[in-house]
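Welcome to this short tour. Please open the viewer, keep the selection tool at hand and follow along stop by stop.

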Amino acid sequence: MTYHLERQKTTSTPYILIDEEKCYMKMEGCSFHEDVVEFFSQVNIWLDSFLMKDFGTFTFDCEMEYFNSSTVKVLFNMLMKMDNCANEKPNNKIIVNWITDQNNEIILECGEDLKEEITALTFNIVAN
């Protein structure tokens, strides 16, 4: 059985969709929850398990409007896990689409900074 999670966004937490069958994850909205680590714990547990598998191609669409520094740390750690997986398992291709408004300079700069840390992922910055 494949894992599926869908959480609706709130004023302080993002929409999250994980569809393991489609090898797809999406986050959208804002993230400045009081306990970001706890909020994303279920996602991280799933991601750790999923990245141990041979899955072919996995796509992560990250379309955040705003996030706090704690969220950046969580996202960075998730991306590093994905990058390590892609390095260790070359048959697993991971695509990250960092989607934001072209006028959102903070999110754009954060995406560019994160992209510099990535070695094995396909990291696309999509400015609408």
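Helices (H or I, at least four residues) and strands (E, at least two) are DSSP runs, numbered from the N terminus. This is a predicted model, in which local features need pLDDT of at least 70 and side-chain atom pairs count only at pLDDT 80 or more, while totals for chains, interfaces and linings use all residues. Residues are numbered from 1 along each chain as its sequence is written, and side-chain values use heavy atoms, with hydrogens and water left out.

**Stop 1: a glutamate in a loop**

Select E20 to begin. You will find E20 in the loop between β2 and β3. Is E20 buried or exposed? With a relative accessible area of 11%, E20 is buried; here buried means under 20% relative accessible area, exposed over 50%, and partly exposed in between (1.4 Å probe, protein chains only).

Now show what surrounds E20. Leaving out residues up to four places away in sequence, E20 touches T2, Y3, W46, F50 and K53, where contact means heavy atoms within 4.5 Å.

Keep K53 on screen. The side chains of E20 and K53 form a salt bridge (2.5 Å, N to O), a term for a side-chain nitrogen of Lys or Arg within 4 Å of a carboxyl oxygen of Asp or Glu. Because E20 lies in the loop between β2 and β3 and K53 in the loop between α2 and β4, the pair ties together parts that are 33 residues apart in sequence. K53 itself counts as partly exposed, at 36% relative accessibility.

**Stop 2: other charged pairs**

How many salt bridges does the structure hold? There are four. Side chains of opposite charge can pair when their charged atoms come close.

Select D48 and K81 next: their closest N and O atoms are 2.8 Å apart in a salt bridge. D48 sits in helix α2 and K81 in helix α3, so this pair too links parts that are 33 residues apart in sequence. Both partners count as partly exposed, D48 at 37% relative accessibility and K81 at 26%. Salt bridges that share partners also join K26, E28 and E63 into one network.

K26 counts as buried at 18% relative accessibility, whereas E28 is partly exposed at 25%.

**Stop 3: the nonpolar core**

Which residues touch the most other members of the largest nonpolar core? Select M25, M27, F58, F60, M82 and I94, out of 37 residues in that core. Such a core is a set of buried Ala, Val, Leu, Ile, Met, Phe, Trp, Tyr and Cys residues joined through side-chain atoms within 4.5 Å. Elements that each supply at least two residues of this core include β3 (24-31), β4 (57-67) and α3 (69-88). The largest share, eight residues, comes from α3.

Zoom in on M82. Apart from neighbours within four places in sequence, M82 is in contact with M25, L47, L51, F58, F60, I94, V96 and L121.

**Stop 4: where two helices meet**

Finally, show α3 and α4 together. In α3, V72, F76, L79, M80 and D83 meet C110, L114 and E117 in α4. The residues of this contact divide into six nonpolar, no polar and two charged.

Key
Nonpolar A, V, L, I, M, F, W, Y, C, P; charged D, E, K, R; others polar.
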